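Welcome! Please take a moment to look over the sequence and the structure, and then we can walk through a few of the features together.

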Amino acid sequence: MSRRALRNAAHWSLADGNGAPPPRAADVQATLQDPALAEALEQAATFGRLSDGDVRAMRAARRRNATTLGALALVSAIGIGTWSSGWFKAGPVPAIAHYETQRGQQRDVKLADGSTLHLSGATSLDVTLDDRQRVVVLKQGEAYFDVAHEPKRPFVVHAGDSATRVLGTAFDVDVARGEVKLSVYRGRVRFGSASYEAGSVEVPAGFRSRFSEGVAKAPTRFDATQQNWRQDWVDTDDMRLVDLVDALNRRDGPLVLEPPRALGTITLSGRFKLDNSQQLLGAIGAAYGFDVVKEGDKLKLVATVD
């Protein structure tokens with residue numbers, strides 16, 4: 001704000017509410033140079049927008065102490081105009097960084113805090129880093145997180161209605177149909193409801209859990225030393241066939257069409273290689289009673305006719 005504008009604001013603010021004329025220019029000049037003004041300016045960001053009653057009260061106080069409180073009244077006058085124009089604001093809003101991959105693509109992301117993210121295909125997430133915490137919103141797909149240890153800045157991954165809270169560890173989050181899957185490779189995490197309600201569990205390294213219907217299931221053990229989807233493998237227990245199809249469709253190769261419900265709900269346990277969709281589904285179909293049929297560049301699962 002220019003000195004002329006400050007002088008005009010001072011004339012307005014020091015004027016009596018009943019229409020009394022403003023003080024002389026010399027008085028205004030003294031007010032502008034008063035150390036109380038500098039102090040008042042530092043406090044102005046905490047004032048908020050003043051009501052008419054607040055202004056009248058400050059004018060009354062000015063009459064009791066014309067010099068110092070006149071400077072405060074000047075700041076109030078400035079604040080009324082500049083609050084709405086955006087002068088007095090909280091700190092800058094942290095920027096949200098968006099990362100995504102297409103089907104068949106994988107991507108490594110290095111964050112400013114030293115953490116690394118490895119995104120599977122057809123994955124989308126947002127990252128926000130601020131002074132208090134580090135937040136990731138995993139919208140779809142699967143990602144592996146290797147989190148830099150910062151005790152004063154928790155790292156939280158939101159996926160669906162779940163939240164995974166850590167300080168420094170390595171883990172994998174998979175947004176599946178109707179549930180979120182967590183596998184912990186290093187450290188220990190708190191996994192459960194994003195609303196901090198009951199239903200969360202602590203999951204140590206070498207264990208995994210699932211979150212559905214507002215509750216995280218009891219962790220079960222798995223071999224964290226084995227290769228995972230980053231090396232074209234999946235190791236699972238009670239995995240629905242439809243979720244395996246989704247995992248295959250994040251990768252290169254022919255798109256697998258949505259399986260019939262009766263087939264999609266088949267549950268699988270074991271370790272599967274993901275680099276050849278047709279071969280893998282053909283082997284599973286031979287055991288569970290369905291065929292893999294090519295339709296152009298797509299694959300279709302068809303129940304075997306007896």
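## A pair of strands and their turn

Together E18 and E19 make a hairpin, with two residues between the strands. Gly296 sits in that turn and has a positive phi of about 65 degrees. Keep in mind as you look that this is a predicted model.

## The sheet around the hairpin

How do E16 and E19 run relative to each other, parallel or antiparallel? They run parallel, and two bridges join E16 to E19, which spans residues 298-303. Here Leu255 stands opposite Lys298 in E19.

## The largest pocket

Now let us turn to another part of the model. The largest pocket holds about 530 Å³ of space, and 34 residues line it. Nearest its centre lie Lys181, Ser183, Arg208, Asp235 and Thr236.

Which elements each supply at least two residues of this lining? They are strand E8 (170-176), strand E9 (179-186), strand E12 (207-212), strand E15 (233-240) and helix H6 (241-249). E15 gives the largest share of the lining, with seven residues. Sorted by class, the lining of the largest pocket has 15 charged, 12 nonpolar and seven polar residues.

Across the chain, the mean pLDDT is 81, and 69% of the residues reach 70 or more. Two stretches deserve a careful eye. Over residues 67-80 the pLDDT stays under 50, and the model has 38 contacts beyond four places in sequence for this stretch. Over residues 82-88 the pLDDT is also below 50, and the model gives this stretch 13 contacts beyond near neighbours in sequence. Where pLDDT is low, predicted coordinates should not be read in detail.

Terms used. Residues numbered from 1 in each chain as written. Predicted model: local features only at pLDDT ≥ 70, side-chain atom pairs only at ≥ 80, totals over all residues. Heavy atoms only, no water. Pairing = 2+ DSSP bridges. Helix = DSSP H or I, 4+ residues; strand = E, 2+ residues; numbered from the N terminus. 1 Å grid on protein atoms, 1.4 Å probe; cavity = no way out; pocket = protein on both sides within 12 Å on 5 of 7 lines; lining within 4 Å. Points joined across faces, edges and corners; volume = space filled by probe spheres on them. Nonpolar A, V, L, I, M, F, W, Y, C, P; charged D, E, K, R; others polar. pLDDT = per-residue confidence, 0-100. Contact = heavy atoms within 4.5 Å.
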